[in-house]
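I opened this structure to look up a few places in it. My entries follow in the order I made them.

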Amino acid sequence: MKIHLVSGGCGFVGRNMVKRLYNTTNDTILFIDNLLVGKHPSEWLPEAKTGDNKDIEVFGDGRLLFLKEDFREFLRNATQNDRYIQDTYGLEFDKFTDVFHFAAIVGGRATIDGDPMMVAMDLAIDAEFFYWATRHKPERILYPSSSAAYPVDLQAEGNAIALSETDIDFKKMGEPDMTYGWSKLTGEYLAHIAAKYYGLSVTCIRPFSGYGEDQDLTYPIPAIAARVARRENPVEVWGTGLQGRDFVHIDDVLDCIFVAMEKIKDGTAINIGMGRLTTFIEIIETLCKIAGYKPEIKRLLDKPVGVFSRYSNMDHVNNNLGWRATISMEEGMRRVYEAALEKEGEKA
Ligand SMILES: NC(=O)c1ccc[n+]([C@@H]2O[C@H](COP(=O)([O-])OP(=O)(O)OC[C@H]3O[C@@H](n4cnc5c(N)ncnc54)[C@H](O)[C@@H]3O)[C@@H](O)[C@H]2O)c1
């Protein structure tokens with residue numbers, strides 16, 4: 001029996017990964033989340049046919065096992081006792097097959113700039129995670145770094161370039177984006193050490209701005225889509241709106257993860273993006289075109305906006321992994337807009 005572990009499994013990327021694994025394999029998935037920001041699975045998974053097993057809640061056909069726990073607590077217990085899960089929760093299995101480590105403090109720009117020390121807790125989560133992984137030795141590990149790990153001076157107005165994997169070099173470092181970028185960069189280093197010194201199979205990804213229909217409203221795309229679905233006029237944008245990102249749909253992010261895990265084992269990180277820079281004004285215009293109205297745009301200049309331009313060079317992934325994103329920005333915005341419209345309808 002294959003059993004996969006998804007930490008942060010009730011967050012945005014985690015939820016999508018749990019559903020993907022459930023729908024595309026016959027494997028069992030244990031997912032752990034302290035619900036700090038994650039949504040309880042009863043909101044997004046089919047009801048369990050089986051009853052609860054101690055603290056583990058079961059969903060779907062019985063292959064979806066949810067544990068509400070602080071992941072660090074779990075890691076500490078599991079490091080001390082290799083039979084922790086068997087002994088405590090009565091689950092009989094040997095080793096995790098794939099481990100997807102999404103538990104993190106993220107929270108969008110307001111948290112990254114507004115509470116950097118809380119975000120720095122990611123250093124603790126990642127250190128405990130890799131320590132446990134070197135003891136437990138799962139078959140494969142996915143570590144999500146971020147485009148925030150790239151040096152910020154390569155993303156400034158007038159100086160921004162399409163960021164390539166080689167723009168991060170542990171021997172010649174630039175400055176990443178706040179504590180979030182530093183912790184992701186440190187996580188990449190731990191991934192590299194885990195592969196090199198402990199022989200683990202680790203894949204690192206640097207997603208650019210992942211978005212999707214069920215993303216939290218603290219992120220720009222769903223927030224703007226909700227404003228447009230309410231047909232607000234003016235539509236507010238943080239900053240001038242001329243700042244740009246490389247928006248990539250979550251379904252594409254997941255597709256790329258599975259390709260990368262087959263091909264990369266040594267902790268090397270790859271970009272996941274469209275390779276396209278889109279400004280927030282363009283996002284508003286695209287969403288308004290889909291909605292069929294033309295509002296004023298109100299710029300909120302006192303809001304935090306982060307770096308000016310952050311986008312990927314996808315040449316390495318396109319050419320060496322043979323992967324490219326398939327969901328266009330316009331198609332992705334249409335999906336997010338329709339989901340926002342539905343949510344507004346439910347509220348009414
Ligand atoms: N979403 C993106 O576009 C994107 C881009 C780059 C990198 N990433 C990375 O992917 C990962 C997941 O991001 P996300 O967007 O899903 O974030 P998210 O905030 O939606 O999900 C993180 C989840 O972790 C949980 N969590 C936090 N601390 C925990 C703890 N101590 N124990 C157990 N659970 C805990 C939260 O409750 C939440 O459900 C993060 O590492 C993030 O840095 C995401």
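I started at tyrosine 180, where a polar side-chain atom lies 2.5 Å from an oxygen atom of the ligand. I count a polar contact as a pair of N or O atoms within 3.5 Å; within protein, one must be able to donate a hydrogen and the other to accept it, and residues adjacent in sequence count only if both atoms are side-chain atoms. The protein covers 95% of the 830 Å² of accessible area that the ligand has on its own. Accessible areas come from the Shrake-Rupley method with a 1.4 Å probe, and for residues only the protein chains shown count as cover.

This is a predicted model, in which local features need pLDDT of at least 70 and side-chain atom pairs count only at pLDDT 80 or more, while totals for chains, interfaces and linings use all residues. Residues are numbered from 1 along each chain as its sequence is written, and side-chain values use heavy atoms, with hydrogens and water left out.

A backbone N or O atom of valine 13 is 2.8 Å from a ligand oxygen atom, and one of glycine 38 is 3.1 Å from a ligand oxygen atom. Helix H1 (12-24), helix H7 (178-198) and strand S9 (209-211) each give two or more residues to the shell around the ligand. Helices (H or I, at least four residues) and strands (E, at least two) are DSSP runs, numbered from the N terminus.

How many residues surround the ligand? I found 28, the closest being Val13, Asp33, Phe71, Tyr180 and Lys184; near means a heavy atom within 4 Å. The shell divides into 16 nonpolar, eight polar and four charged residues. Here Ala, Val, Leu, Ile, Met, Phe, Trp, Tyr, Cys and Pro count as nonpolar, Asp, Glu, Lys and Arg as charged, and the others, Gly among them, as polar.

I then turned to alanine 103, in the loop between strand S5 (98-101) and helix H4 (108-114). Is alanine 103 buried or exposed? Alanine 103 counts as buried because its relative accessibility is 13%; buried means under 20% relative accessible area, exposed over 50%, partly exposed in between (1.4 Å probe, protein chains only). Leaving aside neighbours within four places in sequence, alanine 103 is in contact (heavy atoms within 4.5 Å) with Ser7, Gly8, Phe71 and Ile125.

Last, I checked aspartate 55, in the loop between strand S2 (28-33) and strand S3 (56-59). Aspartate 55 counts as exposed, at 53% relative accessibility.
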